[in-house]
Amino acid sequence: MATGFFGEVSKIPFNPDAGPEELAFRHYDPEEIVMGKPLAEHLRFAVCWWHNFVWPGGDPFGGQTFDRPWFEDRASDPMEAAKLKADVAFEMFTALGVPFYCFHDADIRPEGDDFAENTKNLNAIVDVLERKQAETGLKLLWGTANLFSHRRYMSGAATNPDPEVFAFAAATVKTCMDATHRLGGANYVLWGGREGYETLLNTDLKREDQQLGRFLNLVVEYKHKIGFDGAILIEPKPQEPTKHQYDHDVATVYGFLKRHGLENEVKVNIEQGHAILAGHSFEHEIATAAALGIFGSIDMNRNDQQSGWDTDQFPNDVPEVARAYYEILKAGGFTTGGTNFDAKLRRQSLDPKDLLFAHVGGMDVCARGLKAAAAMMDEGVLSAFVDDRYAGWDQKGAQAMLAGERTLEEIAGWVEEQNVNPAPISGRQEWAENIVNRYV
Ligand code: XUL
Ligand code: CO
């Protein structure tokens, strides 16, 4: 039975001619064939649980602005409230027509007094989600554990100075991996919420790296033990909540994975806002992960370019999104990953329908970006230019140099004998930008 939370709502249609007040997709037609497959299969949209159904609309200067019937201050029975929240969540996923959703344990179940109660609550709600998935055909893109909100994690989870916190976090991750496995999740995500530090005056960096490495190895060992065939993904972020986060960016995560022997076991979930906080562009992080062979999935939510924190806004910059999907398409597209809206409303957007307008708009922006990127791929002008730019490296001598078959003295001898005197060639950046501009 419908909850009535959104009023009357059915599946939102694709209708490019819809009026401004109508809930309709203007650009996202899930069945439209692009590069040989439906848009829905390229984009693999997912919606997150936490920002939509858990966050109360607070900021550092004021508390709750949203009024939701399942919020704890109004709910006399927390388990009933969690079920109502699940009903509304699945109503929204179905209306949007997204194939996937994501959650943290703490989003879906009431907080218990101890580990046993947390696990009991989690498993009871996973029963509900399992039924709902079967009824609707929705799937889980990824599950994850919230190892940062409870005060026990204030000094980190795996990197906590107290081994009991490490153990509590490890046990919690086990329950969340079990839940994700049971729900047929395509990935399991670890965002290092408070895995970082505020001041070196109270921190032993070397120990914390060793602890985090062991923790992730435990996760990988357990994944193989239970036969979970999804990907394990780390979500890089440079700061917030801690001043220095250990998973700073994709390159830092890769160094960490190499150090702990995990570069073939773990990939990354890249978020636009986190890339911006790290001083990178979204497409830089995607291209870096693809080049290193660890590209997994994306969180498609943007930061305000002027604020120095993570604002988690819905995407609305088509050229930027096009550049991101261009890198994803070049890397062969998603495998287990997808496009997750880890995005939240602004705190003044009070109405339940604002949740729908936000996602519809975000999905349309992604559809435009993906179609522009596919057209750029199809025309192939940029890739032909890049191939041509590096064509010298396909020559025999250059290949030998790259393969380590020439010493420094041999290279120097060649330059001297042949009087090698390279003529600079234009990088043509503005010309390349003009090409992109034709598609966005
Ligand atoms: C935090 C963030 C998280 C992760 C999941 O900035 O992005 O919501 O996506 O823990
Ligand atoms: Co995220």
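Student: Is Glu327 buried or exposed?

Tutor: Buried means under 20% relative accessible area, exposed over 50%, and partly exposed in between, with a 1.4 Å probe and protein chains only. Glu327 has 18% relative accessibility, so Glu327 counts as buried. Before we go on: this is a predicted model, where local features need pLDDT of at least 70, side-chain atom pairs count only at pLDDT 80 or more, and totals for chains, interfaces and linings use all residues. Residues are numbered from 1 along each chain as its sequence is written, chains are lettered from A and ligands numbered from 1 in the order in which they are written, and side-chain values use heavy atoms, with hydrogens and water left out.

Student: Which residue does Glu327 meet in a salt bridge?

Tutor: Side chains of opposite charge can pair when their charged atoms come close. The cut-off here is a side-chain nitrogen of Lys or Arg within 4 Å of a carboxyl oxygen of Asp or Glu. Glu327 pairs with Lys330 at 3.4 Å, N to O. The two are 3 residues apart in helix H11, separated by about one helical turn. Helices (H or I, at least four residues) and strands (E, at least two) are DSSP runs, numbered from the N terminus.

Student: Which parts does the pair Arg323 and Glu283 tie together?

Tutor: That salt bridge has its closest N and O atoms 2.7 Å apart. Arg323 lies in helix H11 (residues 318–330) and Glu283 in helix H10 (residues 282–292), so the pair ties together parts 40 residues apart in sequence. Arg323 is partly exposed at 33%, while Glu283 is buried at 16%. The structure holds 19 salt bridges.

Student: What coordinates the cobalt ion (ligand 2)?

Tutor: Donors are N, O and S atoms within 2.8 Å of the metal (3.2 Å for Na, K and Ca); water is not among the atoms, so sites may look incomplete. Here Glu235 (OE), Glu271 (OE), Asp299 (OD) and Asp342 (OD) coordinate the ion at 2.0 to 2.1 Å. Glu235 sits in strand S8 (residues 231–235) and Asp299 in strand S11 (residues 295–299), 64 residues apart. Both Glu235 and Asp299 are buried.

Student: What is the geometry of that site?

Tutor: Ideal angles are 90 or 180 degrees for six octahedral donors. Six donors count as octahedral if opposite donors are over 155 degrees apart and all others between 65 and 115. The cobalt ion (ligand 2) has 6 donor atoms with angles of 80 to 173°, and its site is octahedral.

Note on methods. Tetrahedral: all angles 85-135°; square planar, octahedral: opposite > 155°, others 65-115°.
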